[in-house]
Amino acid sequence: MPLTLADCMHLDAHDPSHIRLAQVGDRFDPGTPGTLYFDANSIGPMPRMAPLKMQTVLQDGWAKARRRSWNELDWLEQPRTLGASMAHLIGAGSNDVRVTDTTSINQYKLLRYALSVAAPRRVIVLERHVFPSNRYVAEAIAREHLAELRFIDDASDLRAALAPQDVAVVALSHVDYRSSTRLDMAALNRCIREAGAMSLWDLSHSAGAVAIALVQSEADLAVGCGYKYLCGGPGAPAFLYIHPRWADAAWPAISGWMGHADTFAFEPNYRPGAGADRFLVGTPAVLANAAFSAAAELWREVDPLALDQRHRSLTDTLIQLFDEQCAAWPLHLSSPRSHAQRGGHVALQFDGAAALAQALVEQGVIVSSRKPDALRWGVHPLTTNHQQLWSAVQVLRQLLISGSWQDTRFERPMV
Ligand SMILES: Cc1ncc(COP(=O)(O)O)c(C=O)c1O
């Protein structure tokens, strides 16, 4: 029997993971009335407390306390406290995560760190079709003759790439930014470790959406975006993780004062801070961190397994609705069917994805597209419900029936 709206409403009312998370979900702003958001893979929803947090920093911190805020409002601690608030979501120790800089910068810092730790090995293995910024960062390192790059088409090529026993670090996307394919982190880490190399995971499309077990799967290093499922806000700082066994193994590539063992001693020479602290570089982005702190407060209360179950229920339902409601059109699921192999979003392959995405956005269904033909539905497990999935798929169906998405006004590119 095909799913009905009543079935979706029943899932919302009876799904145990939903009921547990609903109270946290209510502490997010619902957005523009009548709008359905599927953009958590680009920018997550806003916690209701975010404006107040920012206002407090501006008024109490900047306008009034000024330099005293560094001590009174703990601004310098933010990279650590924000990291600790989300560490359980990625299966990391609370002292091993820092919120700082951008994913691209953290990728650079950790690639260079791995090259130092693993010297004289100097090969970086990375996926050919990885998110472009990760590739660009590695290319620049190779141009400076600090590494050689070895590309793989997908994870099945990894064993062969590791065979020469010269690999320092393997940089992988936990979840592909187009198809949402999720790699088997534990199995790949085993293979990487056996070859004497280190792993560096990009968790941008999984952190805050599905459960991740960095320590349990023996990952070495990780980075990820703060502005996607983690809901840190537009341009939010990213996070980085380092396994404690590597924490004090080398100097960081960018040795700034915030990463010094004793920042305010103003010593003439650099001494790396303990563990993950050494990857801090300059003054924390206090305003951005204030926005992030609203999400951090919520994350502290979230059980990652409940989050994962809820995400599974939602994305399985979405796929079933696509199957049942849109079978008449050439819209193909490009994400894996099994939740264990899928990340935060569900991707459809459609010739005309960019125009269809724009038509959906015009109708209040906020999705995104990626070249050449991916239509991405980012499902946030804290704020999406099954009933919304039903409504969004009905809008999609109406657009396909009418063919109105082919209008020339949808040809202009959008972000
Ligand atoms: C998988 C992945 N890695 C890295 C990035 C870049 O992140 P940042 O802009 O924080 O450098 C993105 C941005 O969307 C991404 O999707």
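In which loop does lysine 228 lie? Lysine 228 is placed in the loop between β7 (221-224) and β8. Helices (H or I, at least four residues) and strands (E, at least two) are DSSP runs, numbered from the N terminus. The structure is a predicted model, in which local features need pLDDT of at least 70 and side-chain atom pairs count only at pLDDT 80 or more, while totals for chains, interfaces and linings use all residues. Residues are numbered from 1 along each chain as its sequence is written, and side-chain values use heavy atoms, with hydrogens and water left out.

The protein chain contains 13 helices and 13 strands. Its radius of gyration is 22 Å, close to the 22 Å that the globule rule gives for 415 residues, so the protein chain is as compact as a globular protein of that length. This radius is taken over C-alpha atoms, and the globule rule is 2.2 Å times the number of residues to the power 0.38. Along the principal axes, the C-alpha atoms fill a box of roughly 70 × 60 × 40 Å. Of the 415 residues, 53% count as buried; buried means under 20% relative accessible area, exposed over 50%, and partly exposed in between (1.4 Å probe, protein chains only). The accessible surface comes to about 18,200 Å², of which 54% belongs to carbon and sulfur atoms. Accessible areas come from the Shrake-Rupley method with a 1.4 Å probe, and for residues only the protein chains shown count as cover. Among contacts (heavy atoms within 4.5 Å) between residues at least 6 apart in sequence, 71% join residues at least 24 apart.

Lysine 228 is buried yet has no salt bridge, defined as a side-chain nitrogen of Lys or Arg within 4 Å of a carboxyl oxygen of Asp or Glu. The nearest side chain of opposite charge, aspartate 202, is 7.3 Å away; Lys and Arg count as positive and Asp and Glu as negative, whereas His and the chain ends are not counted. Beyond its neighbours within four places in sequence, lysine 228 contacts Ala40, Asn41, Ser42, Ile43, Gly44, Ser204 and His205. Cysteine 231 also lies in the loop between β7 and β8. Its phi is near 65°, a positive value in a residue other than glycine, and cysteine 231 is buried, with a relative accessible area of 2%.

A positive phi, near 45°, is likewise found at arginine 66, in the loop between α3 (50-65) and α4 (69-72). Arginine 66 is exposed, with a relative accessible area of 58%. Cis peptide bonds occur from alanine 119 to proline 120, with omega near 10°, and between lysine 371 and proline 372, with omega about 0°. Proline 120 is in the loop between α6 (103-118) and β3 (123-127), and proline 372 in the loop between β12 (368-370) and β13 (374-378).

The loop between β8 (239-242) and α10 (286-299) holds phenylalanine 264. Trp257, Phe264 and Phe266 make a nonpolar surface patch of about 360 Å². Patches are made of residues with over 30% relative accessible area and no salt bridge, with like charges joined within 9 Å and nonpolar side chains (Val, Leu, Ile, Met, Phe, Trp, Tyr) within 5 Å. Aspartate 262 is in the loop between β8 and α10 and, at 37% relative accessibility, counts as partly exposed. Not counting residues up to four places away in sequence, aspartate 262 touches Glu267 and Arg271. Aspartate 262 and proline 47 are 215 residues apart in sequence and 35 Å apart in space, C-alpha to C-alpha.
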